[in-house]
Amino acid sequence: MPPKGSGASSVDEWVGRLVAAKDKDSDLESILKPRMELLMDPKFNRPEQHGNTIAGLQETAKKCPSIFSRPPILKLLLDLLRVVFGPAPREGHFQQNLAVELLWAAYQDVEHWPTGLVGVFLADAMDKRSWVDSAGSSSLVANIVTAFPTSSCLPQAAAQKAHIRPGQPGNDPDPKRRKTEHPSPNLSAQAAPKAGDGAFFEEEEMLAG
């Protein structure tokens, strides 16, 4: 049986509530936070354990993708990308594949991307590579890389470990030049958390703003 909060109402019902609350951050968070926290829980590591959550999030991304760029929802998605679930299968962890899908829906037509998104990319690219190498992440990753317009924006050692060349497009056939919300993000990596732990990046520039 799906855990409480993951399938108590129909997809149409709770997605409709989300869309109606698209500009109300507190309402969005109250609807999505319980579902997102279950996605971060390593005990619920199969898609069928999440009831209609996955289908509902995908439907929301089609109807109103901007919901996933709202600050509290963006934070939940970035936290999901930060979670270390264990060794990633070839196709990646379904929870993080879903987060990537929702972030791409939210930002594919947006020029300015959040600094935190660049931070979680660097963290995964330089360490576990649990989602940056999955096929479904290629468009998001290719466009994140364009946030580094020159090699001076990313230390050479970091670029080599992340397997990227700053200022060069990735595998996406037509990546757009992206800009971060802050021109010089000051991101310092800390120890990566295990599943269920908190964030492990100090997004100093983002907080300062």
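Is D41 buried or exposed? D41 is buried, at a relative accessible area of 17%, where buried means under 20%, exposed over 50% and partly exposed in between (1.4 Å probe, protein chains only).

## Basis of the model

This is a predicted model, in which local features need pLDDT of at least 70 and side-chain atom pairs count only at pLDDT 80 or more, while totals for chains, interfaces and linings use all residues. Residues are numbered from 1 along each chain as its sequence is written, and side-chain values use heavy atoms, with hydrogens and water left out.

## Packing of α2 and α4

Helix α2 (residues 25-40) packs with helix α4 (residues 71-82) at an angle of about 10°, their axes lying 9 Å apart. The two helices are therefore roughly parallel, a term for angles under 35 degrees. The contact (heavy atoms within 4.5 Å) includes L28, L32 and M36 of α2, and I73, L76 and L80 of α4. By class, this contact has 11 nonpolar, no polar and four charged residues.

## Salt bridges

The structure holds seven salt bridges, each a side-chain nitrogen of Lys or Arg within 4 Å of a carboxyl oxygen of Asp or Glu. One of them joins D41 to K43, with the closest N and O atoms 3.1 Å apart; K43 is exposed, at 60% relative accessibility.

In helix α3 (residues 53-63), K63 and E59 lie four residues apart, about one turn of the helix. Their side chains meet in a salt bridge of 3.8 Å, N to O, and E59 is partly exposed at 26% relative accessibility.

D79 and R82 are both buried. Salt bridges that share partners join K75, D79 and R82 into one network.

Methods: Axes fitted to C-alpha atoms, helices over the stretch in contact; angles between N-to-C directions. Parallel < 35°, antiparallel > 145°, perpendicular 65-115°, else oblique. Nonpolar A, V, L, I, M, F, W, Y, C, P; charged D, E, K, R; others polar.
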